[in-house]
Amino acid sequence: MNRERYLCLIHWAEGQPARKKILCLLSRILPIVIAGIYILCLLGCLFVYPVLLLRLALRPALCFLTVTVLRKILNFQRPYDVYDYISLCDYHPGKGCSFPSRHAASAAIIALEIFHLWHGIGIIMLFLALLTGLLRILCGNHFIRDVLAAYGIAFVFNIL
């Protein structure tokens, strides 16, 4: 997306204060919801599928670590720094470390791992992972490439 499209998104969201509040609230709450469901699934796995607990814990941790290291090495600028605007929420000018999106990668790998054990919960988690990535873009914190790369990395870790 270019500067005009990001500005268009920002103006759309700021056009109604309620819309902006909802987007920012979802952007803050969704990672907490995903983490809470993940912890419950870890506990459930401990009792139902104890042999799969290591997989459910290790793959998301390795994915998170890999994405964190990649972000530090590559240090891509965020859209609001490249295009010089203020994002809807979580605005930290000069922060960098945009590529890949850690929120999107974490949500995706957790969703994919849970899907292997419990399809119903996994489908809900996949929806939440997609929503997380969409919100990272809509709020102006990540480029589309950041989110897509995060999903790709999560997918690779899931099949390894």
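Guide: The buried residues of α3 are covered by elements that include α2 (17-48), α5 (102-117) and α7 (144-159), contact meaning heavy atoms within 4.5 Å. This is a predicted model, in which local features need pLDDT of at least 70, side-chain atom pairs count only at pLDDT 80 or more, and totals for chains, interfaces and linings use all residues. Residues are numbered from 1 along each chain as its sequence is written, and side-chain values use heavy atoms, with hydrogens and water left out.

Helices here are DSSP runs of H or I with at least four residues, numbered from the N terminus. Helix α3 comprises residues 53-74, 22 residues in number. From its first C-alpha to its last, α3 reaches 32 Å, close to the 32 Å expected at 1.5 Å a residue; the expected span is 1.5 Å times one less than the number of residues.

Buried in α3 are Leu 56, Arg 59, Pro 60, Cys 63, Val 67, Thr 68 and Arg 71, where buried means under 20% relative accessible area and exposed over 50% (1.4 Å probe, protein chains only). Because they cover an arc of only 160 degrees around the axis, they lie on the same side of α3; the arc is that of the directions from the helix axis to the C-beta atoms. On the face turned away from this buried side, α3 carries the exposed residues Leu 54, Leu 65, Lys 72 and Ile 73. Just after α3, Asn 75 adopts a positive phi of about 50 degrees.

One of the covering elements, α2, also meets α1 (residues 3-14), and the two axes come within 6 Å and cross at roughly 110 degrees. Axes are lines fitted to C-alpha atoms, for helices over the stretch in contact, with angles running from 0 to 180 degrees between N-to-C directions. The helices α1 and α2 are therefore roughly perpendicular to each other, a term for angles of 65 to 115 degrees.

Note on methods: Helix = DSSP H or I, 4+ residues; strand = E, 2+ residues; numbered from the N terminus. Parallel < 35°, antiparallel > 145°, perpendicular 65-115°, else oblique.
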